[in-house]
Amino acid sequence: FHYYKKPVRNITMHRTVPITRLGFQSRPSLTAACCSRFGVAPAGAHAPATWTIPARSFSAAATGPQLPPTDLKPEPYSGPNFEEVKHLRDTYLSPAMFHYYKKPVMVVQGKMQYVWDDKGRRYLDTIGGIVTISVGHCHPKVVEAGVAQMKKLQHSTTIYYNPEIAEYARDLAARMPGKLKVVYFVNSGSEANDLAMLMSRVHTANYDFIGLRNGYHGMSVNTMGLTALHTWKYNQAQGFGIHHALNPDTYRGPYGPDVPNVGRKYAEDVKDLILTGTSGQLAGFICEPIQGVGGTSIPPPGYLQDVYKYVRAAGGLCVADEVQTGFGRTGTHYWGFQTHDVMPDIVTMAKGIGNGTPLAAVVTTPEIAKALTKRIHFNTYGGNPVSCAMGKAVLKVIDEEGIQQRAKEMGAYIKERLSDLKTRHELIGDVRGKGLMLGMEMVRDRQTKEPASAETALIFEKAKDYGLLLGKGGLYGNVFRIKPPMCITKADIDFTVDVLDRSIKDVQKDIHDSKL
């Protein structure tokens with residue numbers, strides 16, 4: 001027998017730990033159940049009073065929303081178990097590497113929008129390897145293209161002619177507007193943005209560069225300087241010649257969406273920065289059409305049009321960082337910059353370009369491309385034939401399977417459902433984004449917009465327990481990043497929103513119960 005008409009679940013209490021051990025400084029204590037080493041905002045963010053949260057002993061997946069059925073089946077896994085891999089990682093890999101979740105997920109297989117752990121459990125992946133899986137994990141056409149090329153020639157550099165790099169450059173250039181027809185292949189977004197800076201400086205013979213606060217552009221020394229989030233910047237010399245303008249964020253910034261000519265209001269800060277923070281002569285300006293790591297912040301209409309005008313008047317080039325927004329992800333357009341009705345001088349791209357293979361590119365005009373002929377420019381792995389074969393296959397899949405249209409339709413559906421969820425949860429402050437490049441910001445108070453960083457971390461953990469893998473970003477770690485493989489279905493979206501709904505309720509109940 002049991003007490004009560006609705007029995008109480010068996011619970012285990014967790015001890016509290018000093019919050020300074022979790023990354024906060026001079027703050028109240030917070031429980032180990034509330035935060036993990038990487039589940040909270042960095043030092044200086046907002047923290048709650050002490051909570052002691054009960055940990056449910058039942059399986060969330062067995063009692064909560066259920067993943068849609070699928071015919072996709074994982075292969076039997078026979079490799080090392082989690083503890084063995086953890087030991088190897090802790091022993092031989094960099095201690096600077098971080099992981100999601102208090103108990104990390106060990107992903108061993110992926111098919112389309114799903115991944116499986118070493119125990120055979122399936123998860124819906126709504127962050128796609130940090131916005132890198134564009135057309136689906138291990139998409140058969142992409143895999144087949146890579147395997148076929150590996151059987152012919154695994155590596156060759158650009159000192160030899162090879163059809164793969166030439167054909168791929170042609171196919172990629174065909175998808176670029178205007179005079180953007182010359183392609184440089186590299187291996188990562190950091191490399192692409194680094195090269196774009198070099199190209200701009202050499203072409204213009206100017207040095208100063210402007211980026212946006214809250215932006216992210218990579219982890220090389222130069223791109224770390226462009227990045228304007230302290231959590232991604234080492235306390236070392238970087239950023240010489242780089243200036244950061246006000247982020248045109250209509251949710252948290254000084255000018256909201258209802259301010260007349262809000263785009264121009266924010267653009268005036270760039271104009272002022274050119275006149276007061278530089279010599280008046282620029283090498284370039286770089287901007288993400290939608291900020292990724294920074295929390296899905298979108299410049300308002302007209303902003304980039306005015307900024308591009310000011311930058312070009314100062315002799316600079318305009319660089320569009322399409323590392324996360326490109327290849328149809330915004331739905332309405334193939335490239336994110338097209339949603340702002342501008343034409344950049346240089347476009348950088350990575351992540352979804354290869355659906356997971358190390359591949360990136362810089363695309364520019366013939367005139368600007370000539371700048372690098374003043375010296376030798378070479379990249380050993382840039383344009384690798386296997387990567388190029390897989391990149392060509394990604395372009396074909398996007399076209400043949402209507403991926404851009406799918407991103408538009410599925411993006412509109414999930415945004416509608418998330419907006420409805422916002423009406424039911426005061427914790428949700430904002431839902432924003434385009435296509436399948438979405439963000440949901442969590443706040444404790446919609447008026448003050450105090451970041452709900454700790455609550456976001458708890459919801460993040462709960463969602464994983466239900467089988468949903470999310471991304472998390474923003475300066476305060478309080479924005480859910482929802483950027484799934486673009487093969488996601490309506491049933492997957494329903495599951496995503498249902499899990500978020502259930503997870504928010506669970507966390508709010510746990511917090512309430514802990515205060516009784």
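So, which residue just after H9 takes a positive phi? That's Gly315, at about 85 degrees, and I'll come back to that helix in a minute.

First, the ground rules. This is a predicted model, so to speak about local features we need pLDDT of at least 70, and side-chain atom pairs count only at pLDDT 80 or more, while totals for chains, interfaces and linings use all residues. Residues are numbered from 1 along each chain as its sequence is written, and side-chain values use heavy atoms, with hydrogens and water left out.

Okay, the overview. We've got 14 helices and 19 strands in the chain. Those are DSSP runs numbered from the N terminus, helices being H or I with at least four residues and strands being E with at least two. The chain has 516 residues, and 54% of them count as buried. Buried here means under 20% relative accessible area, exposed means over 50%, and partly exposed is in between, with a 1.4 Å probe and protein chains only. If you take contacts between residues at least 6 apart in sequence, 71% of them join residues at least 24 apart; a contact is heavy atoms within 4.5 Å.

Now to strand S12, residues 317–321. Five of its five residues are buried. On one side you have Leu317, Val319 and Asp321, on the other Cys318 and Ala320, and both faces are covered. Who are the partners? S11, residues 282–287, pairs with S12 in the parallel sense over four bridges, and S13, residues 346–349, pairs with S12, also parallel, over three bridges. To count as a pair, two strands need at least two bridges in DSSP.

The buried residues of H9 are Tyr303, Leu304, Asp306, Val307, Tyr308, Tyr310 and Val311. Remember that an α-helix has 3.6 residues a turn, so residues three or four places apart point the same way. As for what covers the buried residues of H9, that includes S9, helix H8 (262–277), S11 and S12.

Next, Asp345, in the loop between S12 and S13. Is that aspartate buried or exposed? Asp345 counts as buried, because its relative accessibility is 15%. Its side chain reaches the backbone nitrogen of Cys318 at 2.8 Å, a polar contact, which is a pair of N or O atoms within 3.5 Å where, within protein, one must be able to donate a hydrogen and the other to accept it, and residues adjacent in sequence count only if both atoms are side-chain atoms. Arg312, Leu180 and Thr364 are among the other residues in contact with Asp345.

Two residues to look at for backbone angles. Ala205 has phi near 65 degrees, positive in a residue other than glycine; this alanine lies in the loop between H6 (189–204) and S9 (208–212) and is exposed at 67% relative accessibility. Asn355 also has a positive phi, about 55 degrees, and lies in the loop between S13 and S14 (360–364), but Asn355 is buried at 8%.

Last one: Gly391, in helix H11, residues 385–400. Gly391 is buried, with a relative accessible area of 0%. Its C-alpha is separated by 6.1 Å from that of Ile353, 38 residues apart along the chain. Beyond neighbours within four places in sequence, Gly391 is in contact with Tyr168, Ile353 and Leu359.
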